[in-house]
Amino acid sequence: MHALAVAQPYALPDRTLTPGAIDPAVTQNNIQSTVCVRGYTDKVRPHKKYTNRLKHEQIEQYRLADRNVRNYELDHLIPLNIGGNPSDPKNLWPQSRQGEWSAEQKNDLEFVVYKMVCHREI
């Protein structure tokens, strides 16, 4: 069991609980036919039934003081749109919808990185 007690939501995930995981189906050689295809993330995104259950579990694991699941987005540390594993719990964490680096702000940053990957800039 993780011994960390948290009063405030994390701005970043705990690396011991959420180290990240890549999707083995996505490679440098196939990004143009996988992640860079419109609608790709919709096809690989896990079902809400799975993510809702996992969100509850991870809020407990992270020992977050605020247990209201509506205040969190179950987020992918390595975004789906650049090859993050869709369903591995090591790549998912309860990200706060509040604060300086909220889920919405991270989503904006992810889109910039996605465009750079698909334009072969990174």
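This is a predicted model: local features need pLDDT of at least 70, side-chain atom pairs count only at pLDDT 80 or more; totals for chains, interfaces and linings use all residues.
Which residues of α3 are buried?

## Helix α3

The buried residues in α3 are Ala 103, Lys 106, Glu 110, Tyr 114, Val 117 and Cys 118. Viewed down the axis of α3, these buried residues fall within an arc of 100°, so they line one face of the helix. Their packing partners are β1 (72-76) and β2 (92-96).

As for its span, α3 covers residues 103-118, 16 residues in total, and reaches 22 Å from its first C-alpha to its last. That is close to the 22 Å expected at 1.5 Å a residue. After α3 comes Arg 120, which has a positive phi, near 60°.

## The largest pocket

The largest pocket holds about 490 Å³ of space. Its lining is made of 19 residues, and those nearest the centre are Arg 45, Glu 73, Leu 74, Asp 75 and His 76. Sorted by class, the lining has 7 charged, 6 polar and 6 nonpolar residues.

## The second largest pocket

The volume of the second largest pocket is about 190 Å³. It is lined by 13 residues, and Leu 12, Trp 101, Lys 106, Leu 109 and Glu 110 are the closest to its centre.

Conventions:
Residues are numbered from 1 along each chain as its sequence is written. Side-chain values use heavy atoms; hydrogens and water are left out. Helices (H or I, at least four residues) and strands (E, at least two) are DSSP runs, numbered from the N terminus. The expected span of a helix is 1.5 Å times one less than its number of residues. Buried means under 20% relative accessible area, exposed over 50%, partly exposed in between (1.4 Å probe, protein chains only). The arc is that of the directions from the helix axis to the C-beta atoms. Contact means heavy atoms within 4.5 Å. On a 1 Å grid over the protein atoms alone, a cavity is a set of points where a 1.4 Å probe fits but cannot get out, and a pocket is an open set with protein on both sides within 12 Å along at least five of seven lines; lining residues have an atom within 4 Å of a point. Grid points are joined across faces, edges and corners, and a volume is the space filled by probe spheres set on the points. Ala, Val, Leu, Ile, Met, Phe, Trp, Tyr, Cys and Pro count as nonpolar, Asp, Glu, Lys and Arg as charged, and the others, Gly among them, as polar.
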